Amino acid sequence: MFSMKKLLIMLLAATVSLPALARPLLVAAASDLGYCIDELVGAYRKTAPDAEPKVSLGASGNFFAQIRNGAPFEVFLSADMDYPRQLAKLGAADGGTLATYAIGRIALWSLDPQVDPNRGLAALVADERVKRFAIANPVTAPYGRAAKAALERDGLWNKVQDKLVIGENIAQTAQFVQTGNAQAGIISFATLHSTKLKGVGRYALVPATGLPPIEQGAILTRAGAANPDAAGFIRFLRSPEARAILARNGFSLPAGAAE
């Protein structure tokens, strides 16, 4: 006669032998990471084969608003430190996990053969051939904020208003230049390292003198507190392998040894 004890033993054995199902890791990442995030995810999965990162790309300010309002993202990779710091103050993220994972740079870029970024911001703003000048939204995109700061520093912000084309994020800003809807623009240097854009057009790094560094911050959100892979992914970003990927894709690295 089949006993209840035998049934329980069989059920326990079956449960133990079942393969563990990968739990999705929901990552909100700034658009400037779009060209290297797959490589970062692939490298992380080698260290955590059961992890299943699902990445959404967009403007850091938009992600800030979504996470603040309860979006289930577990890791937030912002293009600045301010948005994740604000989330920590609001109790929507763990401030103890906030870490600078990269330092961004901005570049003046054009595909128009008659427009030379090496002439500098002032020359391009004054150039009549530059009918449209693209930057990311300074309100929601940290790289847009950096572009505005550079234009203000050089006394050009008011002069460029009639030419400005505003992208929702840095990826859309690059598209404006790429499609000819803008003859020049300020985008992230990392964007120019993508497979599609590397070697395309001409660029010049915008001098960083007098500008705050574009420190990019990673943080564990309240939704990610129960997922070990969320904290694991943030730790991975400080590893030598992750830092090498970021450096190869146009980012500077924060000071300090990798963990």
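The following exercises, each with a worked solution, concern a predicted model.

Residues are numbered from 1 along each chain as its sequence is written. In this predicted model, local features need pLDDT of at least 70 and side-chain atom pairs count only at pLDDT 80 or more, while totals for chains, interfaces and linings use all residues; side-chain values use heavy atoms, with hydrogens and water left out.

**Exercise 1. Determine which residues of α2 are buried and how they are arranged about the helix axis.**

Step 1. Helices (H or I, at least four residues) and strands (E, at least two) are DSSP runs, numbered from the N terminus. α2 comprises residues 37-47.

Step 2. Apply the accessibility classes: buried is under 20% relative accessible area, exposed over 50%, and partly exposed in between (1.4 Å probe, protein chains only). In α2, the buried residues are I37, L40, V41, A43 and Y44.

Step 3. Viewed down the axis of α2, these residues fall within an arc of 165 degrees, so they line one face of the helix. The arc refers to the directions from the helix axis to the C-beta atoms. An α-helix has 3.6 residues a turn, so residues three or four places apart point the same way.

Step 4. The face turned away from the buried side of α2 carries D38 and K46, which are exposed.

Step 5. With contact defined as heavy atoms within 4.5 Å, the buried residues of α2 pack against β1, β2 (52-58), β3 (75-77), α8 and α9 (240-248).

**Exercise 2. Classify the aromatic pairs that Y44 forms with F233 and F236.**

Step 1. Rings of Phe, Tyr and Trp (its six-membered ring) pair if their centres lie within 6.5 Å; planes under 30 degrees apart count as stacked, over 60 as edge-to-face and the rest as tilted. The structure holds seven aromatic pairs.

Step 2. For Y44 and F233, the ring centres are 5.1 Å apart and the planes stand at 85 degrees, so the pair is edge-to-face. Y44 belongs to helix α2 and F233 to helix α8 (residues 228-236), so this pair ties together parts 189 residues apart in sequence. Both Y44 and F233 are buried.

Step 3. For Y44 and F236, a centre-to-centre distance of 5.6 Å and an angle of 55 degrees between the planes give a tilted pair. F236 lies in helix α8 and Y44 in helix α2, so the pair ties together parts 192 residues apart in sequence. F236 is buried, as is Y44.

Step 4. Y44, F233 and F236 form one aromatic cluster.
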